Amino acid sequence: MDSFGAICWWGFSPAVDFQCDLDSSEDEINILMVGAGDCRHMIKTIAHWYRHPARKLNFYVVESSLELYARHMLLTCLALEPQHRFGLQDKAELFLEIHGNSLVRQQTMEYVEEMSNEFIRMVTDFDYLEEKAPIFNLSNLKFKERDFLEGIFKFWRNPDQSLFDITKLWDGRLRQYLGVRYDAIPNVFDWDFHMRLVDRKAGIMNSRNYLRWRHKGIAYEIRDASYNTSNKTLASGMIVKHMGAPIVRRGYFGDIRVGPYVAFGIESEEKGFFKMANNVYTKTSEDVAEYNMISMLHEILHRRKYSPQSTTETIEENEEETVKDQDAEDITEVLNEMKISATEDGKERDKYAMENTGIYLLSINSVPDLLKKSKFQRLFKIIYLSCSMSHLLTPNLTQLCTDSAHLIVETPRFVLDLSKEQLQQHNEKIVDLCKASGCQHIGEIDDVLIESHLRFNYNRLSENASSNLQMLTA
């Protein structure tokens with residue numbers, strides 16, 4: 001197994017707002033998201049919803065593993081937690097821990113365990129799902145997939161830490177990947193940072209934080225607390241051979257080389273984070289990710305741009321939303337409240353919903369099946385493909401596009417094994433595949449080391465006109 005593993009727990013590109021380049025007056029748009037790995041794009045698009053013309057957003061999600069759907073549900077519900085139950089700081093820290101840490105605080109896993117009870121009821125009772133989390137729609141999943149999801153949540157809620165010792169599993173992955181180079185730690189990690197990530201304009205990750213994550217899997221240590229509990233949301237199953245026979249094994253099979261900082265920690269609207277002194281960044285990706293998460297969570301709640309000063313004034317004026325950011329005590333109170341509210345029906349504060357937003361989880365690896373179903377034909381205004389799903393770029397894919405659509409393809413910028421020349425060749429191939437499908441590339445490929453996404457426009461009318469012209473010419 002290579003350093004990227006068999007499952008993508010976090011994306012290898014910064015979060016994007018799908019509506020940022022969209023020029024449309026439609027009241028409702030459908031977005032197909034294939035292989036994103038996490039919910040970063042959904043969270044940012046939902047957070048920036050108020051910046052664009054009011055319309056309903058429907059996200060259709062296709063992943064390669066059901067464990068990713070479970071994390072989508074958990075992290076999205078956490079982002080929608082009301083202000084009187086979690087302060088912005090607490091919520092941002094919980095989100096980042098669950099998203100990118102192998103080891104988390106004990107109270108973080110207690111929150112995951114309590115939410116797992118809710119999710120078990122949701123995936124087994126669609127009436128309860130509609131009542132508690134109407135933002136999600138699981139009707140497109142197969143029965144066996146919903147059963148598997150239930151099993152994942154049952155594993156999450158089991159407090160027995162011996163079932164998933166991620167410290168041991170992480171070290172095993174390192175030994176397997178590095179081989180004889182294992183004894184050269186931390187020099188191997190330092191080489192990857194300075195010779196790979198810095199070249200890709202990701203130096204703000206900070207070598208100390210990056211080496212800590214490479215060695216222990218801990219990306220975020222925002223609080224001065226004990227991070228000693230295995231993050232069970234990073235557990236997945238895999239078929240391996242033992243004594244010549246295939247067996248199912250649970251372990252950590254994700255990324256051990258790039259890290260979760262890319263998703264939220266290398267770009268920001270607040271450019272002050274990227275100041276340098278003596279050719280060194282004064283802030284780190286940990287700071288950037290914390291600010292970005294607080295900013296997006298604030299925008300989801302208040303529908304206006306985040307400003308630390310104005311946020312403080314708003315909280316002081318509105319006592320109903322005043323929450324003191326404590327550590328274990330506050331989260332324990334929230335967990336107790338969740339246990340009490342579980343026995344009460346009809347509580348609006350317990351509903352995970354977002355106006356004008358729907359998230360539809362589709363069967364895993366189901367893009368070829370979508371092409372065969374009439375209800376998905378010409379449905380999607382925006383299609384997003386991760387770099388691992390770029391093989392789906394065929395002319396048939398445009399059958400899923402509306403007459404005027406937008407295509408976003410993730411580049412392998414953070415596939416560290418690729419050289420600059422290989423990145424250039426890959427991006428040019430993607431452009432050629434999209435042009436062959438009738439898509440028009442927006443802009444030019446200036447620098448492959450900083451280009452995270454390639455964007456294309458698709459116009460069915462133009463494609464038909466071009467085809468007719470070719471027929472006439474022939």
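**Entry 1: E221**

I looked up E221 and found its place in the loop between α9 and β5 (229–230). Helices here are DSSP runs of H or I with at least four residues, strands are runs of E with at least two, and both are numbered from the N terminus. The model is predicted: local features need pLDDT of at least 70, side-chain atom pairs count only at pLDDT 80 or more, and totals for chains, interfaces and linings use all residues. Residues are numbered from 1 along each chain as its sequence is written, and side-chain values use heavy atoms, with hydrogens and water left out.

Is E221 buried or exposed, or partly exposed? I noted a relative accessible area of 36%, so E221 is partly exposed (buried is under 20%, exposed over 50%, partly exposed in between, with a 1.4 Å probe and protein chains only). Leaving out residues up to four places away in sequence, E221 touches R212, Y227 and E286 (contact means heavy atoms within 4.5 Å). I also checked E221 against L96: they are 125 residues apart along the chain, and their C-alpha atoms are separated by 9.6 Å.

**Entry 2: salt bridges at R212**

I followed the contact of E221 to R212 and found a salt bridge between their side chains, at 3.4 Å from N to O. The criterion is a side-chain nitrogen of Lys or Arg within 4 Å of a carboxyl oxygen of Asp or Glu. Side chains of opposite charge can pair when their charged atoms come close.

**Entry 3: salt bridges at E299**

I searched the whole structure and got 21 salt bridges. One of them joins E299 and R51, with 3.0 Å between the closest N and O atoms. E299 sits in helix α11 and R51 in the loop between α1 and β2 (56–62), 248 residues apart. E299 is buried, at a relative accessible area of 1%, whereas R51 is partly exposed, at 32%. I then noted a network of salt bridges that links R51, E269, E299 and K305.

**Entry 4: α1 against α11**

How do the axes of α1 and α11 cross, and at what angle? I read off a crossing at roughly 50° for helix α1 (residues 40–47) and helix α11 (residues 285–302), whose axes come within 8 Å. Axes are lines fitted to C-alpha atoms, for helices over the stretch in contact, and angles run from 0 to 180 degrees between N-to-C directions. The two helices are therefore oblique to each other (under 35 degrees is roughly parallel, over 145 roughly antiparallel, 65 to 115 roughly perpendicular, the rest oblique).

I43, K44, I46 and A47 of α1 make the contact with M296, E299 and I300 of α11. By class I recorded five nonpolar, no polar and two charged residues in it.

**Entry 5: G35**

I ended at G35, in the loop between β1 (28–34) and α1. G35 counts as buried at 8% relative accessibility. Residues up to four places away in sequence aside, G35 touches V62, E63, S386 and M389.

Key. Ala, Val, Leu, Ile, Met, Phe, Trp, Tyr, Cys and Pro count as nonpolar, Asp, Glu, Lys and Arg as charged, and the others, Gly among them, as polar.
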